[in-house]
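Q: Could we go through this structure together? I would like to begin with the terms and then turn to individual residues.

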Amino acid sequence: MRKTTIYLFCILVIMCILTGCGSKSITIELGGDNKTTEEDRDEKESKEDESVPTVEENSIVETETVSTQDMSQTTQIQTQAEEAATANTQVLTTLYVVNCNESITLRTADSTSAKEIRQIPLGAAVSFMENASNGFYKVSYNGSTGYALASYLSVDPYDHYVASTTAADLSWRGKVVRCNEFITLRKTPSTKGEELIKIPLGAIVTVYSGADNGFYYINYGGIEGYALASYIDVY
């Protein structure tokens, strides 16, 4: 009886060792590497997790794609708007009033009988808008838009010659006053105009036209040009 009991106890111990008493996994030897069945299962699950993107990752990718598309569309709209603005911008050419005694007339239509808007003084700058009929240009001057004769407009600001014979009936003698040594005779009625000659204090000049932009059109020593009216009195 005692032998039988010992035999049964030995068999039970052997079974516990073989089965790990239900708490240890069975070790399998493959090519010298020992891996448990639990390790195999964990590796398979890990590979599956890496190969399948999560919902959060998909959401991030979609959000980045949408953001890139939105930015591209916005840039395209801005570019189109800038191109349209450039196309609608009119580039105006600057012309200057020339070849007249004092001023020319800006009119409501391209005709010498059209209503006068205002006078544009000799040497003034206007903005050319377009060609018109009957020898006129459509121009803009100091906020007023109208028509002026093209023959009195030039891209050359120094083309201001006025023949003395045409103004002889209006001429008078003047004297240079109120300066230190001399005044400057210029090609245009502007302090930035090209200098022609110096006229000394006390010199006598011939004045052909009234004050224009603060200048007189005069003759001194056979040279005609513009000098500041404030330095010339009647002689």
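A: Contact here means heavy atoms within 4.5 Å. The model is a predicted one, in which local features need pLDDT of at least 70, side-chain atom pairs count only at pLDDT 80 or more, and totals for chains, interfaces and linings use all residues. Residues are numbered from 1 along each chain as its sequence is written, and side-chain values use heavy atoms, with hydrogens and water left out.

Q: Which residues does Ser 144 touch, not counting residues up to four places away in sequence?
A: Ser 144 touches Leu 106, Ile 117, Arg 118 and Val 139. With Arg 118 there is also a side-chain to side-chain polar contact at 3.5 Å. A polar contact is a pair of N or O atoms within 3.5 Å; within protein, one must be able to donate a hydrogen and the other to accept it, and residues adjacent in sequence count only if both atoms are side-chain atoms.

Q: Where is Ser 144 found, and why does it count as buried?
A: Ser 144 is found in strand 8, residues 144–149. Strands (E, at least two residues) and helices (H or I, at least four) are DSSP runs, numbered from the N terminus. Ser 144 counts as buried because its relative accessibility is 17%. Buried means under 20% relative accessible area, exposed over 50%, and partly exposed in between, with a 1.4 Å probe and protein chains only.

Q: Changing topic: how many residues has the largest nonpolar core?
A: The largest nonpolar core has 18 residues, and those with the most contacts inside it are Val 97, Ile 104, Ile 120, Val 126, Val 139 and Leu 153. The elements that give two or more residues to this core are strand 3 (93–97), strand 4 (103–107), strand 6 (125–131), strand 7 (136–141) and strand 14 (215–220). A second, separate core of 13 residues includes Val 176, Tyr 216, Ile 218 and Ile 232. A nonpolar core is a set of buried Ala, Val, Leu, Ile, Met, Phe, Trp, Tyr and Cys residues joined through side-chain atoms within 4.5 Å.

Q: And Ile 232: buried or exposed?
A: Ile 232 is buried, because its relative accessible area is 3%. Ile 232 lies in strand 16, residues 232–234. Beyond its neighbours within four places in sequence, its contacts include Trp 172, Val 177, Val 205, Tyr 216 and Ile 218. Of these, Val 205 is 27 residues away in sequence, with 8.6 Å between the C-alpha atoms.

Q: What does the side chain of Arg 186 reach?
A: The side chain of Arg 186 reaches the backbone oxygen of Gly 193 at 2.9 Å. Arg 186 has its place in strand 11 and counts as buried at 18% relative accessibility. Arg 186 and Glu 224 are 38 residues apart in sequence and 8.6 Å apart in space, C-alpha to C-alpha.

Q: Which other residue is found in strand 11?
A: Thr 184 is found in strand 11, which spans residues 182–186. Thr 184 is buried, with a relative accessible area of 16%. The side chain of Thr 184 makes a polar contact with the side chain of Lys 198 at 3.3 Å.

Q: Last one: where is Met 15 found?
A: Met 15 is found in helix 1, residues 2–19. Met 15 is partly exposed, with a relative accessible area of 48%.
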